[in-house]
Amino acid sequence: MKQLSGPDAMYLYTELDGFPMHIGGVTIYDQSTRARGKTGGGPVRFKDILAMFASRLDRSPIFRRKLAEVPFALDLPYWIDDEHFDLEFHVRHIALPKPGDWRQLCIQVARLHARPLDRGRPLWEAYVIEGLNNIEGVPRGSFALYTKVHHCAIDGHSGVQFFGAFNDTSPTPTKPKPPARWDPERPPGAAKLLRKAYWHNLRKPAQILHLASGIITSRRRVNVGVERGDFHQPAEIPSTRFNGKLSPHRVVDATKFDFPAVRKIKHAVQGATINDAVLAIVSGALRKYLQATGELPSRSLVTGCPVDLRDEVERGADGDNLVGLMTVALCTDVEQPLDRLQRIHEETQSSKAYFKAQGAHLVLDFMDTVPPGLQTLLVQAAALAGIPEKHPIMNTTVTNVPGSPHQLYMCGAQIIDSFGIGPLSQGLGLFHTVNSVVMKNKGVITLAYISCRNAIPDPGFYTECLNESFLELQEACGASRGETPPRKTATRSVAINVRQ
C-alpha cells in the first residue's frame, strides 16, 4: 500500500467531466520484421500480445494497482493491489474501418483518449488496432498500439519505464515466461485509512508554516532577481481560441522532422537548444494559424513547459510525479523566423532563471499541504466561475518526452512510428508532445498534438502550419549560411473535418 503524493492526487482533483487526466501513446509496428528474428515469422496474434503483457506485469507496479479513497476525503488516496485484476479488461482488440487511413487512425485515437478511465480498476488501458492498410509509408499488415495511463500514476519521464515494458531492442523477443506468482495485499478497511489520516493531519500545522516560509523566501528571491536584471517577470497572457470554452470532443494529429535538420536549426543561434528549435516551430505554426483566422494577438502567446524535478537517483525509481511547470513566451509577435528563434532562446533563459528563483518544489509543497477535500472544492469552484477561461495561465503546452535511443520491437515487430498525447484541461485546449526516438535506425523528432474540436476544427491545416514553420526555419538558416533553400515536400497530414 502506497500513498499518492499531493502532485499525484492533484491530477485526480483536476479531472472534471469531459476532461480526463490521462496521458497516452500511439506506436505503429511493422510485422514483416518478424521474419528476421527467431519468431518463426507469421503475423503477431492478439494472444501473443496478451501473453507478452502477462509475462511482464511485474516490470511496473502500475499494471495491477488501483485507488483506495480515504473516507470523507480526509487524506490523500492510496495505491492498493487489485485482487480481481483482469488483464483482458485492460488489453483490447479493435480494427479501423476500411480503407484504414491516417485520418481514421487519428479519429479513433482521439475518441479513445476522450474517454475517462474506470477508477475502480488499475488506471490504464491498451488497444491493439488493426486495419492500417492505407497509411502512406506503413506496410500492409501493420498494427498500432494505443495505450493510456492516468496522470496520477505516471508522468512523461516515469512513463518511459511503463511503456518500455512492452518493447525489446531486438527483433528476437524475450521468450514469454509464465506469469510470476502474485499475492495481492489485503485491501485496507475504512478504519485503518481513517487512523492513518488522523496521524498525517497532525503534521499539517508544521507543513503550513514550512509552506508559508517558502512562499516568503521565494518572493524575496524573485524581487532580488528582477532588480538585478537576472530575469524579467512574465508578461500578461493574451486569451486565444485555445483558452475559450472547450467541448469534450478531441482531435489528434502528428508530424515528423529529421533530428539532424532540427539540430541544424538550433545551431543557427548561439547557445540555442533542441527545445528552443521545437518551440520556434510551434511558435511559427501558431502565428500562421491565428493569422489565417484573423485572431493573432499583438502580445506573444505563452506556453507551459513541464520540467522534470527528479535527481539522478529518483529517475530510475518508482517515484511520484515530480514535475514543475515553467512558462515561456513563444514570441509569436516576431515576424522573422530566425529573429523569433533568437528571442525564444532569450526568453527560455529568463524563464529558467525565474523558475529557479521561485523554487521548483514550492507548488509541489502546496499540493502536499492543502487538504485534498479543499483542493477539490477550489478546482470545482474555479471551473464553475470560468476562471481558467477568463484568466489563462498559458495558451498551450509543449512537453518533451525522451524516447529510446535504440530501435525497438514488440513481439518481433519493428516500431516504425510513434507519438505521445497529453491531457487537456479547462481553459487549455491545445497540448503538444515532442518525442525524440530512433525509427528505422534514424533519429526522428515527432511533434504530436491534441486539441478541442472547437479550438481546432481543422487539424490538418494546423499540421500544415507546423510543417511550413519548420521549412521556413530551415530556409532562414540556409539563407544565413548562403545555402540552397530546402525543397518543400509533401506531408502525411490529412484534414479531419468530419465529426468524431
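Biologist: Which residue does Glu295 form a salt bridge with?

Modeller: Glu295 pairs with Arg241, and the closest N and O atoms are 2.8 Å apart. A salt bridge here is a side-chain nitrogen of Lys or Arg within 4 Å of a carboxyl oxygen of Asp or Glu. Keep in mind that this is a predicted model: local features need pLDDT of at least 70, side-chain atom pairs count only at pLDDT 80 or more, and totals for chains, interfaces and linings use all residues. Residues are numbered from 1 along each chain as its sequence is written, and side-chain values use heavy atoms, with hydrogens and water left out.

Biologist: Is Glu295 buried, exposed or partly exposed, and what about Arg241?

Modeller: Glu295 is partly exposed, at 35% relative accessible area. Arg241 is partly exposed too, at 24%. The cut-offs: buried is under 20% relative accessible area, exposed is over 50%, partly exposed is in between (1.4 Å probe, protein chains only).

Biologist: And α9 itself, what does Lys288 meet there?

Modeller: Lys288 of α9 meets Glu472 in a salt bridge, 2.6 Å from N to O. Glu472 lies in helix α15 (residues 459–480), so the pair ties together parts 184 residues apart in sequence. Glu472 is partly exposed, at 33%.

Biologist: How many salt bridges does the structure hold?

Modeller: It holds 11. Another of them joins Glu125 and Lys148, at 3.8 Å from N to O. Glu125 lies in strand β6 (residues 124–130) and Lys148 in strand β7 (residues 143–150), so this pair ties together parts 23 residues apart.

Biologist: Buried or exposed, those two?

Modeller: Both count as buried: Glu125 is at 6% relative accessibility and Lys148 at 1%.

Biologist: Which residues are joined with Glu125 and Lys148 into one network?

Modeller: Arg92 comes in as well; salt bridges that share partners join Arg92, Glu125 and Lys148.

Biologist: New topic. In what order do β1, β4 and β3 line up in their sheet?

Modeller: The order is β1-β4-β3, in an open sheet with antiparallel pairing. Two strands pair if DSSP finds at least two bridges between them. β1 (2–3) and β3 (65–68) stand at the edges with a single partner strand each, so one side of each has no neighbour in the sheet.

Biologist: How many bridges join β3 to β4?

Modeller: Four, with β4 covering residues 78–81. Arg65, for one, has Asp81 in β4 as its bridge partner.

Biologist: What about the backbone of Phe72?

Modeller: Phe72 has a positive phi of about 60°, although it is not a glycine. Phe72 is in the loop between β3 and β4 and is exposed, at 72% relative accessible area.

Biologist: And Cys411, what is its phi?

Modeller: Also positive, about 55°, and again not a glycine. Cys411 sits between β12 (409–410) and β13 (413–421), and counts as buried at 8%.

Biologist: Which peptide bond is cis?

Modeller: Lys98 to Pro99, with omega near 10°. Pro99 is in the loop between β5 (91–95) and α4 (102–114).

Terms used. Helix = DSSP H or I, 4+ residues; strand = E, 2+ residues; numbered from the N terminus.
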